[in-house]
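Dear colleague,

Please find below the structure that I am handing over to you. I would be grateful if you could read the notes that come after it with the model open.

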Amino acid sequence: MSSGRFITLEGGEGAGKSTQLRALAAALRVRGMEVVETREPGGSEGAEAIRALLLTGGADRWSPYAEALLFAAARADHIEKTIRPALERGAWVLSDRFLDSSRAYQGQGVLSDADILTLHRIGSAGFLPDRTLLLTLPEEEATDRAKARDGDVSDRIGGRANDFHRAVADAFARFAREESERVRAVDASGPAEVVTVRLLETIEDLLP
Ligand code: TMP
C-alpha cells in the first residue's frame with residue numbers, strides 16, 4: 001500500500017487499550033508521523049451507526065449470525081472509508097480493536113474461527129493489520145479496571161458472564177501463539193507510561 005502502517009490493539013475489557021492507544025499515538029506524533037486514531041466497532045459514520053445497534057439493547061437482540069455479520073459490515077465500511085484512505089496517504093492508523101475481536105468474541109459459539117475469517121474475506125478482502133498488540137492482564141486486575149471505568153453499566157457484549165470473557169482471553173492468547181509474527185502479547189500491568197514503552201518496543205522494527 002505505502003509507508004503507512006496499520007496497528008491494532010486488542011484484549012479483553014479493562015486491559016487499558018483506549019488509554020494506550022492515545023499514548024502510543026502521541027508518542028508517534030512526537031516523531032513527526034501522521035497518526036489516525038480509530039476504533040471498532042465504529043471508526044466511520046456508517047460503522048458508528050452499526051456500533052449503536054450492536055452495543056445497546058437486550059442480550060438477545062441479535063442472533064449470533066446477525067451479530068457477526070453486523071461486525072463484519074461495520075468493519076468493511078471502516079476499512080473503506082477511514083483506514084485505506086489514511087494508509088494510502090502514508091499515515092499510520094491505530095485501531096482500538098479489529099478483526100481479532102470478532103474472532104475472539106463471535107468465533108467461540110456457533111460460528112468457528114474459519115467462519116469469521118470467511119466473513120472478513122468477503123467483506124474486506126481479508127485485509128490484516130501490520131501488527132496487533134495484545135494487551136494482557138490477570139483476570140482480576142482487568143475486571144477491577146473495567147468496573148472502575150464502567151461501574152455496573154457495561155455494554156451488551158461487555159456485560160456477558162465471566163466464563164465468556166475467560167474464553168475470549170484464551171482465544172486471544174491462542175492467536176498470539178499461532179500468529180506470532182503479527183500478534184504480539186504485551187504485559188499491560190504496571191504504570192501506563194511503562195506499558196506505552198513496551199508497546200513502542202513491540203513496533204520498533206516497523207518505525208520509519
Ligand atoms: P469496547 O468496549 O472496546 O468499545 O468494545 C465494545 C464491545 O464490542 C466489547 O465488549 C467487545 C465487543 N466486540 C466484539 O464482540 N466483536 C468485535 O469484532 C469488536 C470490534 C468488538
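This is a predicted model: local features need pLDDT of at least 70, side-chain atom pairs count only at pLDDT 80 or more; totals for chains, interfaces and linings use all residues.

Residues are numbered from 1 along each chain as its sequence is written, and side-chain values use heavy atoms, with hydrogens and water left out.

The ligand site

The ligand is surrounded by 15 residues, where a residue counts as near if one of its heavy atoms lies within 4 Å of the molecule. The closest are Glu-13, Arg-75, Arg-97, Ser-102 and Gln-106. By class, this shell holds 6 charged residues (Asp, Glu, Lys and Arg), 5 nonpolar residues (Ala, Val, Leu, Ile, Met, Phe, Trp, Tyr, Cys and Pro) and 4 polar residues (the others, Gly among them).

Taken alone, the ligand exposes 480 Å², and the protein buries 93% of that (areas by the Shrake-Rupley method with a 1.4 Å probe).

Helix H2 (45-55), helix H3 (64-88) and helix H4 (99-105) are the elements that each give two or more residues to the shell; helices here are DSSP runs of H or I with at least four residues, numbered from the N terminus. H4 gives the most, with 3 residues.

Two buried residues

Arg-156 is found in the loop between helix H6 (139-150) and helix H7 (162-178). With a relative accessible area of 7%, Arg-156 is buried, a term that means under 20% relative accessible area (1.4 Å probe, protein chains only). Its side chain makes a polar contact with the side chain of Glu-67 at 2.7 Å. The side chain of Arg-156 also reaches the backbone oxygen of Ala-59, at 3.0 Å. For contacts within protein such as these, one atom must be able to donate a hydrogen and the other to accept it, and residues adjacent in sequence count only if both atoms are side-chain atoms.

Thr-196 belongs to helix H8 (residues 192-203). Thr-196 counts as buried because its relative accessibility is 10%. From C-alpha to C-alpha, Thr-196 and Gly-4 are 20 Å apart in space, and they are 192 residues apart in sequence.

With kind regards

Key:
Buried means under 20% relative accessible area, exposed over 50%, partly exposed in between (1.4 Å probe, protein chains only). A polar contact is a pair of N or O atoms within 3.5 Å; within protein, one must be able to donate a hydrogen and the other to accept it, and residues adjacent in sequence count only if both atoms are side-chain atoms.
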